[in-house]
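Please read the following briefing alongside the sequence and the coordinates, which are shown first.

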Amino acid sequence: MNTLHNFAFNVYPYLCLAVFFMGSLARFDRDQYTWKSDSSQLLRKAQLRWGSNLFHGGILFLFFGHLFGQLTPHWLYEIFVTASQKQLLAVVAGGVAGGLCFVGLTLLLHRRLFDPRIRLTSHRTDIAILVILWVQLVIGLSTLPASLHHVSDPQTMLRLAEYLQGIVLMQPNAALVAGVEWHFQAHMLLGMTIFLLFPFSRLVHVWSGFGTLAYLVRPYQMVRARRLNVPARQNQPRRAG
């Protein structure tokens with residue numbers, strides 16, 4: 001295992017996470033007026049509706065699928081499903097969600113690139129982040145044949161899961177990734193890079209999306225009419241004349 005591999009899978013993840021959290025906090029503190037998704041719905045609504053719904057539905061499923069699928073210890077779910085069954089479920093569910101997400105993201109990217117009005121109002125970072133997400137999705141979909149081949153022997157999935165769990169536990173082990181197919185490694189590295197770029201792009205609006213969940217548990221707000229604050233004698237009706 002060479003020095004570059006060690007840096008990429010032992011050091012780079014923490015560099016990306018540090019920039020992700022500290023950069024997001026700094027942007028929220030200093031540039032709140034840029035904390036938005038810059039919707040272009042008024043310029044072209046129909047394609048945005050299809051593309052946005054397919055993309056957001058697919059990407060949320062993939063995000064939480066990766067989050068719980070990879071970070072859940074094997075001993076916790078093996079009482080319900082075997083590693084091979086989990087691998088097959090990940091391939092099928094991930095393939096469907098990835099396909100929907102690919103269609104939606106392609107529509108959004110096409111809209112940004114080929115509609116003159118939207119292209120004119122788009123920042124370079126808007127287009128760049130869409131391209132990076134599109135490439136990441138293509139690489140992820142390219143891993144499906146190999147993942148399907150691993151169903152009978154899911155050791156690769158278990159090694160990658162163990163590596164990611166080690167990152168969370170502050171016990172990284174780049175040796176677990178050594179020898180894994182290149183597209184798995186590229187998918188992981190580009191995913192880390194997206195976290196690195198997150199605070200500097202429109203992706204910060206994801207925080208606001210998760211923040212809306214607070215509305216489900218916040219207490220009721222009592223609203224009083226302004227006239228109730230007027231003294232009683234001034235609030236009584238007066239006789240005419």
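At roughly what angle do the axes of helix α1 and helix α9 cross? In this predicted model, local features need pLDDT of at least 70 and side-chain atom pairs count only at pLDDT 80 or more, whereas totals for chains, interfaces and linings use all residues. Residues are numbered from 1 along each chain as its sequence is written, and side-chain values use heavy atoms, with hydrogens and water left out.

**Helices α1 and α9**
- The axes of α1 (residues 3-30) and α9 (residues 182-197) cross at roughly 25° and come within 8 Å, the axes being lines fitted to C-alpha atoms over the stretch in contact, with angles running from 0 to 180 degrees between N-to-C directions.
- The two helices, α1 and α9, are therefore roughly parallel to each other, a term for angles under 35 degrees.
- Contact (heavy atoms within 4.5 Å) involves, among others, His-5, Phe-9 and Tyr-12 of α1 and Gln-185, Met-188 and Phe-195 of α9.
- The residues of this contact of α1 with α9 divide into 13 nonpolar, three polar and no charged, where Ala, Val, Leu, Ile, Met, Phe, Trp, Tyr, Cys and Pro count as nonpolar, Asp, Glu, Lys and Arg as charged, and the others, Gly among them, as polar.

**His-5**
- His-5, placed in helix α1, is buried with a relative accessible area of 14%, buried meaning under 20% relative accessible area (1.4 Å probe, protein chains only).
- Not counting residues up to four places away in sequence, His-5 touches Ala-174, Val-177, Ala-178 and Gln-185.

**Helix α6**
- The buried residues of α6 include Asp-126, Ile-127, Leu-130 and Gly-140.

Key. Helix = DSSP H or I, 4+ residues; strand = E, 2+ residues; numbered from the N terminus. Parallel < 35°, antiparallel > 145°, perpendicular 65-115°, else oblique. Buried < 20%, exposed > 50% of the residue type's maximum accessible area, 1.4 Å probe, protein only.
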